[in-house]
Amino acid sequence: MYAPSSFREEDRKVLLDFMRRHSFAAVVSRGGDGGGLTASHLPLLVEENGPGELVLAGHMARANLQWRDLESGVEVLALFQGPHGYISPSWYASAQAVPTWNYMVVHVYGAPRIVESDERLAQIVDATVAENEKGFGKPWNGDALPIDFREKLLQAIVGFEIQVSRIEGKFKLGQNRPDEDVEGACRALEMTGREADGELARLMREASEL
């Protein structure tokens with residue numbers, strides 16, 4: 001990923017926190033036979049299994065044949081994306097400027113493997129549900145589902161893990177602009193009334209320490 005030094009994020013904790021907060025990722029794979037690229041959009045768990053060891057875990061429908069690519073073990077790419085938005089030069093104090101797009105992304109590379117254990121598959125599903133239900137007044141956990149119904153559903157999905165080998169982060173938030181340009185863009189974003197624009201403005205101010 002092209003990431004100039006001013007936008008590159010290398011703090012491991014910051015990257016992992018971002019991945020957990022924006023856990024609905026695009027998983028891109030290529031089949032072991034060198035075929036074309038395939039992508040699926042999936043919620044992923046970020047699991048630390050020891051010093052420096054990181055695993056992404058998830059599941060997809062068995063009818064989604066991308067799992068065959070993962071079965072090959074060929075390296076895959078998971079793309080995590082956060083707030084993003086168009087930035088107009090009319091918002092800047094500087095006269096010489098052009099339009100741009102500010103955004104936050106993390107690219108994660110690693111070797112995939114298919115989960116063979118029924119117990120591990122159920123654990124991945126339960127952990128995914130728990131992660132996304134937390135904070136709700138009455139979190140749903142599936143305990144009330146009939147056992148045969150639950151087992152039928154588990155048979156219709158395929159679990160996988162990605163042994164992470166490399167992480168690249170790019171947080172392009174106007175760090176290369178003068179403070180007055182950043183502040184002008186932030187005020188304009190906040191005036192759109194869109195929640196995502198407001199969040200982007202907050203992150204831009206943090207990145208520029210305004």
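Predicted model: local features only at pLDDT ≥ 70, side-chain atom pairs only at ≥ 80, totals over all residues.
1. Some background on the chain as a whole. Six helices and eight strands make up its list of elements. Read from the N terminus, their order is β-α-β-β-β-β-α-β-β-α-α-β-α-α. The C-alpha trace spans about 65 × 45 × 35 Å along its principal axes.

2. How many of the residues are buried, as a percentage of the 210 in the chain? The share that counts as buried is 42%. As for contacts with a separation of 6 or more, 75% of them are accounted for by residues 24 or more positions apart.

3. Aromatic rings come next. A pair of aromatic rings is described by two values, the distance of the centres and the angle of the planes. The count for this model comes to two aromatic pairs. One of them is formed by F18 and F171, with 5.2 Å centre to centre and 40° between the planes.

4. Where do F18 and F171 lie? F18 belongs to helix 1 (residues 12–21) and F171 to strand 8 (residues 157–172), so the pair ties together parts that are 153 residues apart in sequence. F18 has a relative accessibility of 1% and counts as buried, because the cut-off for buried is under 20%. F171, at 8%, counts as buried too.

5. Y86 and W101 also form an aromatic pair, and this one is edge-to-face. Their centres are 6.1 Å apart, with 65° between the planes. Y86 sits in strand 6 (residues 76–87) and W101 in strand 7 (residues 100–114), so this pair ties together parts that are 15 residues apart in sequence.

6. On to a helix pair. Two packed helices are described by the angle between their axes and the distance between the axes. Helix 5 (residues 179–191) and helix 6 (residues 195–208) have axes that come within 8 Å and cross at roughly 160°. The two helices are therefore roughly antiparallel to each other, since angles over 145 degrees are given that name. Their crossing is left-handed.

7. Which residues of helix 5 and helix 6 meet? On the side of helix 5, they are D179, V182, E183, A185, C186, R187, L189 and E190. On the side of helix 6, they are D197, L200, A201, M204, R205 and S208.

8. The last point concerns E47, which is found in strand 4 (residues 45–48). At 15% relative accessibility, E47 counts as buried. Leaving aside residues up to four places away in sequence, E47 touches E53, L54, V55, A57, R120 and Q123. From E47 to L16 the C-alpha to C-alpha distance is 9.4 Å, while the two residues are 31 residues apart in sequence.

How values were computed: Residues numbered from 1 in each chain as written. Heavy atoms only, no water. Phe/Tyr/Trp six-rings, centres within 6.5 Å; stacked < 30°, edge-to-face > 60°. Helix = DSSP H or I, 4+ residues; strand = E, 2+ residues; numbered from the N terminus. Buried < 20%, exposed > 50% of the residue type's maximum accessible area, 1.4 Å probe, protein only. Axes fitted to C-alpha atoms, helices over the stretch in contact; angles between N-to-C directions. Parallel < 35°, antiparallel > 145°, perpendicular 65-115°, else oblique. Left-handed = near helix turned anticlockwise from the far one by under 90°. Contact = heavy atoms within 4.5 Å.
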